[in-house]
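Please find below a short note for discussion. The points are numbered so that each may be answered separately.

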Amino acid sequence: MTSATPSAAPPGPNGSPGASGTPASPASPASPASRADRIGDAALDLLVERGMRGLTHRAVDERAGLPQGSTSNHARTRQALLETAVRRQVQLESRVLTPDELPGAAGPPGAADGTQSRPRDAAPGTTPDGAPATTPDGAPGTAPGGPPERVPHGPLDADTLADALSLALHRYLTDHRALLVSRYELALEATRRPELRAFFDAAGSVFHGPLVAMTAAAGSPEPERHALSLIAWCEGLMFSCAAGSFHAAVPSRAELRTGFDELLRGMLAGDTRPGRGESTGAAGDRGGRCRA
């Protein structure tokens, strides 16, 4: 197979560094980890720009600036390519909050019993020591799952939880809207592919567990149900502001903070504190404003 050397492309919507990098050559091949990231970044960028029909092995090669056939070597089937995209999606979303911004003195939790499944700086889907797993077809990279490394999580103040959630949601809506679009493309495709549905759900579980643990640590009497309510509220707001009727305007962090205060006050028994961070004008007072 001859190696193509495409011209460098500009960074994509998800900020893929590989799109503008120098194509790998036989003399200096990219490492498996960096190549997997470049392929994943390029796949997400294509999903944002062209939709699912635009995601092909050849298009990923061209977008990532890799020799022709590189993506096929990494992910031989379309299912494997989609799993690579899901895996990279989870990795990038896990970086919306940095480790020191996550609530909890012992680090971020990762399960309903107050433990985390891996170090915060390890990619989701790796084993506890950070070693990459393999996809079902043997392609290099990471995959959801792996035995948990147990880290305790102490009591959590509701204000701290509201701060962290509003910060993460505001960053999604202002700095990472492309990640939301690529997530929706993958989620819709998962409804048509049972094999992708299982992989997509397993990947997403790395976010569900920590939220259940944080909700429980904040004093929720029903952390599973309350975490579901928080996720549903966030998902609805993100879709409305990224792809729905409120896409032209994004609520401020203060408005999001007020919304989380209202939700948490209703969930946490005996918490009657007034909402914090209210802005001078409510979200509904401005036309075309996405309500928080």
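Are Asp-261 and Arg-257 buried or exposed?

1. In this predicted model, Asp-261 is buried, and Arg-257 is buried as well. Their side chains form a salt bridge, with an N to O distance of 2.4 Å. Both residues belong to helix H9, where they stand 4 residues apart, about one turn of the helix. In general, residues three or four places apart on an α-helix point the same way, because the helix has 3.6 residues a turn.

2. Arg-257 also pairs with Asp-159 in a salt bridge whose closest N and O atoms are 3.6 Å apart. Because Arg-257 lies in helix H9 and Asp-159 in helix H5, this pair ties together parts that are 98 residues apart in sequence. Asp-159, like Arg-257, is buried.

3. Salt bridges with shared partners join Asp-159, Asp-163, Arg-257 and Asp-261 into one network. The structure holds 14 salt bridges.

4. Helix H9 covers residues 253–267 and reaches 21 Å from its first C-alpha to its last, close to the expected 21 Å. Its buried residues include Leu-256, Phe-260, Leu-264 and Met-267. Helix H5 (158–175) and helix H8 (223–242) are among the elements that cover the buried residues of H9.

5. A salt bridge in another setting joins Glu-222 and Arg-225, with the closest N and O atoms 2.9 Å apart. Glu-222 is partly exposed at a relative accessible area of 38%, and Arg-225 is partly exposed at 45%.

6. As to the whole chain, there are 9 helices and 0 strands. Of its 292 residues, 47% count as buried.

Conventions. Residues numbered from 1 in each chain as written. Predicted model: local features only at pLDDT ≥ 70, side-chain atom pairs only at ≥ 80, totals over all residues. Heavy atoms only, no water. Helix = DSSP H or I, 4+ residues; strand = E, 2+ residues; numbered from the N terminus. Expected span 1.5 Å × (residues − 1). Buried < 20%, exposed > 50% of the residue type's maximum accessible area, 1.4 Å probe, protein only. Contact = heavy atoms within 4.5 Å. Salt bridge = Lys/Arg side-chain N within 4 Å of Asp/Glu carboxyl O.
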